[in-house]
Amino acid sequence: MYLIYASSVSLADSYNAYDCHNLSILYTEIQCKNVGKMHIFFGITATFPPLLREGTAVKIFRMNGPSPRREMAVIMVGVSTACFYPEETERALHTVGELGFSCTEIFINTFSELEKDFCKNLKRIADSYGIRISSVHPFTPAFETVMLFSNYERRFYDSLEFYKKYCEAASEIGARYIVIHGSRQPGVISQEEYFTRFAQLYEMGRAWGVHFAQENVVGYRAGLPDFLCAMRDFMGSDFKMVFDIKQAVREKIDPMEYVERLGPSMVHVHINDHMSENTCMVPGEGSFDFCRFFQKLQQMHYDGDYIMEVYRDNFKTQQELLQGKMYLESILSNGN
């Protein structure tokens, strides 16, 4: 079940809705209107940014209960600042806002972008557009094999100190997750040692209220479902996964296999499309079955964001990204 946020009755009339109720959401009364096929609600615009913008699909897990804040999860389609690389990070964030996205992942590109003043400026920019920053992607994944997962233990502890900077940055800008690639295959430490070190990384993040999350990446140990399942079994509820569709495709494994086996552990999705000759495309331009994908994650109560992550040469105009956003939101808002 979904609601679509509309700022006025006239805008709500442009959607189809049915069986709407008066709901108290975020402690604000939202008036709902019965106009046909989908749930629509509208209210005072100023109440919602940076959480909601017009057209946002909002998933309702339960319609009853004492705490509206716990009863709803905002499902957003966002875009990564990495899509605009090599545009400088702060300029890329402006682009995200100018395009009308309400959610983003910040790709940190260098050391100076971890400094507190820089992060404060990113937060100021995000707030000015009503953007929620969902996650931080480090610029050091290529080095994580030797920084975090080598057989030189002292380097691991030194690297933990460096990764505190990502925790501080994520906390400053309001991000919840930090994306980790981990070690390339085959790796030099045991599987158990890998999991133990990741657990230490995860525990460190607690002090800042952020979660390190393991991404599936082709050519990396965590690119394979068996490894990820073993990691989940070892870490329990502390295991958080970032799922990237294109990485699964490049691993030549059906993306739905990851969802079937690891869906309940997924907290963040890098979303993209593909065809046989192209493994990374803007959503809607390929052949991936997003309806099936969303339905399965919905069944597993996924409540994270869908962040478009494609490369700069995967689109010709920024308008294509907006079209991808609208395509995904149309599927989400139709209840898949």
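Modeller: Let us begin with pockets: on a 1 Å grid over the protein atoms alone, a pocket is an open set of points with protein on both sides within 12 Å along at least five of seven lines. The model before us is predicted, and its second largest pocket has a volume of about 360 Å³.

Colleague: Which residues lie nearest the centre of the second largest pocket, and how many residues line it?

Modeller: The lining comprises 16 residues, and those nearest the centre of this pocket are Ala82, Phe107, His137, Glu309 and Tyr311. Sorted by class, the lining of the second largest pocket holds eight nonpolar, four polar and four charged residues.

Colleague: How many cavities of 30 Å³ or more does a search of the whole structure find?

Modeller: A cavity is a set of points where a 1.4 Å probe fits but cannot get out, and the search finds two of 30 Å³ or more. The second largest cavity has a volume of about 30 Å³, and its lining is formed by Thr81, Ala82, Tyr85, Glu87, Thr89, Ala92, Phe107 and Asn109. Four of these lining residues are nonpolar, three are polar and one is charged. Ala82 and Phe107 line this cavity, and both are also listed among the residues nearest the centre of the second largest pocket.

Colleague: Let us move to helices. At what angle do H3 and H4 pack, and how far apart are their axes?

Modeller: Two packed helices are described by the angle between their axes and the distance between the axes. For helix H3 (residues 89-98) and helix H4 (residues 116-129), the angle is about 10° and the axes are 9 Å apart, which makes H3 roughly parallel to H4. From H3 the contact draws on Thr89, Glu90, Leu93, His94, Gly97 and Glu98, while H4 supplies Phe118, Asn121, Leu122, Ile125, Ala126 and Tyr129. By class, this contact of H3 with H4 has six nonpolar, four polar and two charged residues.

Colleague: Why are H8 and H10 described as roughly parallel to each other?

Modeller: The axes of H8 (residues 225-235) and H10 (residues 255-262) come within 10 Å and cross at roughly 15°. Angles under 35 degrees count as roughly parallel, and H8 and H10 are therefore roughly parallel to each other. Their crossing is right-handed, with Pro225, Asp226, Leu228, Cys229 and Arg232 of H8 meeting Glu257, Tyr258, Arg261 and Leu262 of H10. Five residues of the contact of H8 with H10 are nonpolar and four are charged, with no polar residue present.

Colleague: And which residues of H7 and H8 make the contact between those two helices?

Modeller: H7 and H8 pack at an angle of about 60° with their axes 10 Å apart, and that makes H7 oblique to H8. The contact consists of Gln191, Glu192, Tyr194, Phe195, Thr196, Phe198, Ala199 and Tyr202 from H7, together with Phe227, Ala230, Met231, Phe234 and Met235 from H8. Ten residues in the contact of H7 with H8 are nonpolar, two are polar and one is charged.

Colleague: Finally, the backbone. Where is Pro86 placed, and where is Pro186 found?

Modeller: Omega describes the peptide bond itself, and a cis bond joins Tyr85 and Pro86, with omega about 15°; Pro86 is in the loop between strand S7 (77-80) and H3. The bond from Gln185 to Pro186 is also cis, with omega near 0°, and Pro186 lies in the loop between strand S10 (177-180) and helix H7 (191-206). As for phi, Lys252 has a positive value of about 65° although this residue is not a glycine, and Lys252 sits in the loop between helix H9 (245-250) and H10.

Methods:
Residues numbered from 1 in each chain as written. Predicted model: local features only at pLDDT ≥ 70, side-chain atom pairs only at ≥ 80, totals over all residues. Heavy atoms only, no water. Axes fitted to C-alpha atoms, helices over the stretch in contact; angles between N-to-C directions. Helix = DSSP H or I, 4+ residues; strand = E, 2+ residues; numbered from the N terminus. Parallel < 35°, antiparallel > 145°, perpendicular 65-115°, else oblique. Left-handed = near helix turned anticlockwise from the far one by under 90°. Contact = heavy atoms within 4.5 Å. Nonpolar A, V, L, I, M, F, W, Y, C, P; charged D, E, K, R; others polar. 1 Å grid on protein atoms, 1.4 Å probe; cavity = no way out; pocket = protein on both sides within 12 Å on 5 of 7 lines; lining within 4 Å. Points joined across faces, edges and corners; volume = space filled by probe spheres on them.
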